[in-house]
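Reader: Thanks for sitting down with me over this model. Could you walk me through the terms you use for it?

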Amino acid sequence: MANYSTNEFKAGLKIMLDGEPCNILENEYVKPGKGQAFNRVKIRKLISGKVLEKTFRSGESVEGADVLDTELAYLYTDGEFYHFMNNETFEQIAADEKAVGDSIKWLVENDVCVITLWNGTPITVTPPNFVELEITETDPGLKGDTAGTGGKPATLTTGAVVRVPLFVQTGEVIKVDTRSGEYASRAQK
Amino acid sequence: MNDWQPTSSHDSRIARANLLRSIRDFFYTRDVLEVETPLLSSGTVTDEHLDGFHTRFNYSQDGKPVDLYLQTSPEFAMKRLLCDQSGAIYQICKAFRHEGEGRWHNPEFTMLEWYRPGFDHHALMQEVDALLIETLGTDTGEIVSYQDVFKSRLGIDPLTTTDEMLLAKMADCNIDISSPEKLDKDSKLQLLFAMEIEPVIGQERPCFVFGFPASQASLARINTQDSRTADRFEVYFKGAELANGFHELSDASEQKQRFEQDNEKRRNNGQTEKPIDTRLLSALKSGLPQCAGVALGIDRLLMLKIGASHIQEVLNFPVSRA
């Protein structure tokens, strides 16, 4: 993998740090009028998810990380692995539970997710921003309530629990924002 | 691509024009003469942390191609004018540094530099303060020594501290730096200063810091009372390093020695040595009047004036669109 000089640092660049692939979130160039220049970067470690700050002397070079984002459709789980498929090449890739992480509750068959590969192995799975899931259980609400004040918890087919307005009933399909985990609307038929 | 378009607003252009006019008024009423000097020079800075752009000139009088450098500041040429009894002078010009872009940085920028025969750095700090009051409408600035600000903010005496204490302090401040053993003592001080002190001083009113360590003297005199410090000051306001000034070193042989030491550092670092400005040294030998000088970044001043958060907002075409 290529090395990157600090001059090439920018948000989105993937580099290796302490043996772990990282994504640069922010890069700030710090240069006193007289003296050494530095790059202060905010970095997300892609496996642990930790965000940290690191300082480099300007002009230093750092090993790049072979990290690739790829769009794959979710197929099924065999209990141990989660299987995804490239809809164009039909190539299949299996991600383990660690890579799927919290996204597990938003995996819907045939939904296209972003799978981040490091040296060809999935390290993170990012679901679409919105998914549609059926409610398996929620308290019956009062008819005619449209204000959505307070709402009530609803369990979805994947086991996820979200707050929904009182008028939404068991068996209905709803649209959820996966970034916030919040109810967005009833699904369009 | 829309990269033909300027990154600035028209309002920022009007603000720049007004700012330049008020600066010229300021110096006109104080009898300081506006001058021009060449942007291209045969000599250049030797400082290991500064690099100039250079180009080849194929039409020199002796027929041999020569390297010419774009100035990193107009300091050397303006000092030659002072040695020729110019009296108080100022210049507004472009300066160039071969380095990266950033929130406060563009490799080509506009500089205001002025010199005051008969002033020391304390008198010049007062005048910089007056300029900021007039152009930015600031309150009277705070003046503090480098040693005091370091002690009060970080609990370290920068003049007696050790490499080990600085490394421990960096760890305390969560400054996680790759290969810290490669940083010399001054770089550690500068890093701590840039990350822990600069962002907090000069928030309400400009902060003048004077008495930098002698090892960071640059072209300033060493202080006669405390030889551990140099008669150099910097001005900070709202997170910007706005100006750098000196009670100017006038001793030609000491100046020559500093240039040579810089080049020795460059050799040791594996950097190319830089041609020393011999015309400056000849001028100093003929006699530089006792004076103080300061360089102030106009683009940064304008950023503060209009509340811009990135230098691109005040430059029509930053280097990425040049």
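Author: Gladly. Across the interface of chain B and chain A, the rule finds 9 residue pairs in polar contact, both residues at pLDDT 80 or more. A polar contact is a pair of N or O atoms within 3.5 Å; within protein, one must be able to donate a hydrogen and the other to accept it, and residues adjacent in sequence count only if both atoms are side-chain atoms. This is a predicted model, where local features need pLDDT of at least 70, side-chain atom pairs count only at pLDDT 80 or more, and totals for chains, interfaces and linings use all residues. Residues are numbered from 1 along each chain as its sequence is written, chains are lettered from A in the order in which they are written, and side-chain values use heavy atoms, without hydrogens and water.

Reader: What makes K54(A) and D176(B) a salt bridge?

Author: Their closest N and O atoms are 3.0 Å apart. The rule asks for a side-chain nitrogen of Lys or Arg within 4 Å of a carboxyl oxygen of Asp or Glu, so the pair qualifies.

Reader: Why are L280(B), L281(B), A283(B) and L284(B) in helix 8 called buried?

Author: Buried means under 20% relative accessible area and exposed over 50%, with partly exposed in between (1.4 Å probe, protein chains only). These four residues of helix 8 of chain B are buried, whereas T278(B), R279(B), K285(B) and S286(B), on the other side, are exposed.

Reader: How do you know that the buried residues line one face of helix 8 of chain B?

Author: Seen down the helix axis, they fall within an arc of 160°, so they line one face. The arc is that of the directions from the axis to the C-beta atoms.

Notes
Helices (H or I, at least four residues) and strands (E, at least two) are DSSP runs, numbered from the N terminus.
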